[in-house]
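Subject: Structure for you to look at

Hello,

Here is the structure I said I would pass on.

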Amino acid sequence: MSIKSIVPVKVSLNTKMTQDGKSDHYHFEEDGQFVTLENGQHYLRYVEHQGSQATPVQFRIAEDEIHLIRSGTQKTHFKFANGGENLTHYQTEYGRITLRVVTSRMDADLNLAAVTGQIEIHYQLLMQDQLIGNYQIQLQFGA
């Protein structure tokens, strides 16, 4: 599929995770790209820097679902849809495990003409019906 446009954007990401009663927060500010394909699909791409690690991250943004694809040493592909559940595979250095992604909230406020947006996602990860954790993503981007 051919690319219609690539617009440089600033990306701000806040993530909150709660596992075993303990919470962690992460905040990233990165330069990225908002890519629109000829078929109308939209992608937000950037590289997340944490310590010496650089992880390529891509959000595929559709009207009723959002895909999060991380391509670092541990590959993930999460699909979020309001009230939806999806199975995914998480590649670790020890092998592949199956996870269930349960989306409790997904809001996207996008202005594609101005290439700005705000996305909020709340979800749970489960492995074999055991809760791994609760997660919240707040993502903002703008040209």
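Two rings of Phe, Tyr or Trp count as a pair if their centres lie within 6.5 Å. Please keep in mind that this is a predicted model.

How many aromatic pairs does a search of the whole structure find? The search gives five. Since F80 is in strand β6 (residues 75-80) and Y123 is in strand β9, the pair ties together parts that lie 43 residues apart in sequence. F80 and Y123 are both buried. They also belong to one aromatic cluster, formed by F78, F80, Y123 and Y135.

Next, H122. This residue sits in strand β9, which covers residues 116-127. Is H122 buried or exposed? H122 counts as buried because its relative accessibility is 16%, and the cut-off for buried is under 20%. If neighbours within four places in sequence are set aside, H122 is in contact with V102, T103, S104, R105, Y135 and Q136. Y135, listed among these contacts, is also a member of the aromatic cluster.

Last, D20, which is located in the loop between β1 (3-19) and β2 (22-37). With a relative accessibility of 77%, D20 counts as exposed, because the cut-off for that is over 50%. D20 and G133 are 113 residues apart along the chain, yet 7.2 Å separates their C-alpha atoms.

Regards

Definitions and conventions
Residues are numbered from 1 along each chain as its sequence is written. This is a predicted model: local features need pLDDT of at least 70, side-chain atom pairs count only at pLDDT 80 or more; totals for chains, interfaces and linings use all residues. Side-chain values use heavy atoms; hydrogens and water are left out. Helices (H or I, at least four residues) and strands (E, at least two) are DSSP runs, numbered from the N terminus. Buried means under 20% relative accessible area, exposed over 50%, partly exposed in between (1.4 Å probe, protein chains only). Contact means heavy atoms within 4.5 Å. Rings of Phe, Tyr and Trp (its six-membered ring) pair if their centres lie within 6.5 Å; planes under 30 degrees apart count as stacked, over 60 as edge-to-face and the rest as tilted.
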